Amino acid sequence: MQSYWPEFLTVAIVHLLAVASPGPDFAVMVRQALCQSRRNALITALGIGAGILVHVTYSLLGIGLIIQQSLVLFSILKVVGALYLTWIAIQCLRSKGGSIHVDTSTTLRQSSLAAFRLGFLTNALNPKATLFFVSLFSVLISPQTPIAIQTGYGLYIAVATGLWFTLVAVFFAQPRVRRAFSRFGHWLDRMMGGILLLLAGQLLFSTVTGSAEPATE
C-alpha cells in the first residue's frame with residue numbers, strides 16, 4: 001500500500017485544483033445555497049459527489065477512453081451537457097426582482113429528490129468532468145495499479161467533492177451571506193444564469209470546432 005501513496009497524493013492535489021476552479025457545479029451550488037434551504041443545498045452537494053461515481057465507473061471499465069476516442073460519442077455527450085446547462089440557465093435568467101429568500105411553502109419548495117437530481121445530473125452530464133477523469137485514469141494513474149486501489153481513488157474523489165461543495169453550501173447558506181446579497185439577489189441569479197449559458201455555449205462551440213476544453217469540474 002505504501003508504494004501507492006505518491007500516486008494518491010498526486011491524484012488528490014490534481015483533484016483539489018480541479019474541484020476548486022469555477023464551473024457548472026460551483027455555479028449551481030451557489031444558487032442552491034442562496035435560494036433554497038440549507039438542507040436542499042447540502043442534498044445538492046451530495047448529488048454532485050454521487051455524480052462523480054458515474055465518471056469513476058466508466059473510467060474503471062475503460063469506457064472513458066472509448067468516449068474520448070469516439071468523436072461522435074463525445075460530441076453527443078457535450079451537446080446533451082450543453083442543453084442541460086442551458087435549461088438551468090434559463091431558470092436563473094427568469095429570476096424576478098426582489099430579495100433572496102428561501103422557499104418555505106410546500107408548493108414552491110424544491111423536493112429533496114429534485115435537489116439531489118440537480119446536483120447529480122449537473123456533474124454526471126459535465127463533459128469537462130469526463131475529460132478530467134479520462135486524463136486522470138490514462139495519464140496519472142498507472143495501468144499496473146490494482147483495480148481495488150483505483151476504486152479507492154475514485155471513492156476518495158467522490159467523497160472529497162461532496163465535502164468541498166458541502167462547505168460551499170454551508171458558507172453561502174449563512175444568514176449573513178444571504179443578507180449581503182439580499183438587495184441584488186435576482187441580479188446574482190441572472191449572473192449565474194449568464195455564466196451557465198456561456199459554459200453551454202462554450203461546449204457547443206467546441207463541439208462544432210472539434211476543440212477540447214481543459215478538465216474542470
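Of the 217 residues in the protein chain, 47% count as buried (under 20% relative accessible area; exposed is over 50% and partly exposed lies in between, with a 1.4 Å probe and protein chains only). This is a predicted model, in which local features need pLDDT of at least 70, side-chain atom pairs count only at pLDDT 80 or more, and totals for chains, interfaces and linings use all residues. Residues are numbered from 1 along each chain as its sequence is written, and side-chain values use heavy atoms, with hydrogens and water left out.

**View 1. The protein chain has 10 helices and zero strands.** Helices (H or I, at least four residues) and strands (E, at least two) are DSSP runs numbered from the N terminus. Contacts (heavy atoms within 4.5 Å) with a separation of 6 or more come to 89% from residues 24 or more positions apart.

**View 2. Helix H1 spans residues 5–20.** H1 has 16 residues and reaches 22 Å from its first C-alpha to its last, close to the 22 Å expected at 1.5 Å a residue (1.5 Å times one less than the number of residues). Its buried residues are Glu 7, Phe 8, Val 11, Ala 12, His 15, Ala 18 and Val 19. They lie on the same side of H1 because they cover an arc of only 135° around the axis, taken from the directions from the helix axis to the C-beta atoms. An α-helix has 3.6 residues a turn, so residues three or four places apart point the same way. Pro 6, Ile 13 and Leu 17 are exposed on the other side of H1. The buried residues of H1 pack against H7 and H8.

**View 3. The largest nonpolar core has 28 residues.** Such a core is a set of buried Ala, Val, Leu, Ile, Met, Phe, Trp, Tyr and Cys residues joined through side-chain atoms within 4.5 Å. Those with the most contacts inside it are Met 29, Ile 88, Phe 165, Phe 172 and Leu 196. Two or more residues come from each of H2 (24–35), H3 (38–60), H5 (71–93), H8 (147–172) and H10 (185–209); H2 gives the most to this core, with seven.

**View 4. Met 29 touches residues that include Phe 165 and Val 168.** Leaving out residues up to four places away in sequence, Met 29 also touches Ala 41, Thr 44, Ala 45, Ile 48 and Ala 169. A second, separate core of 14 residues includes Ile 52, Phe 133, Phe 137 and Ile 157.
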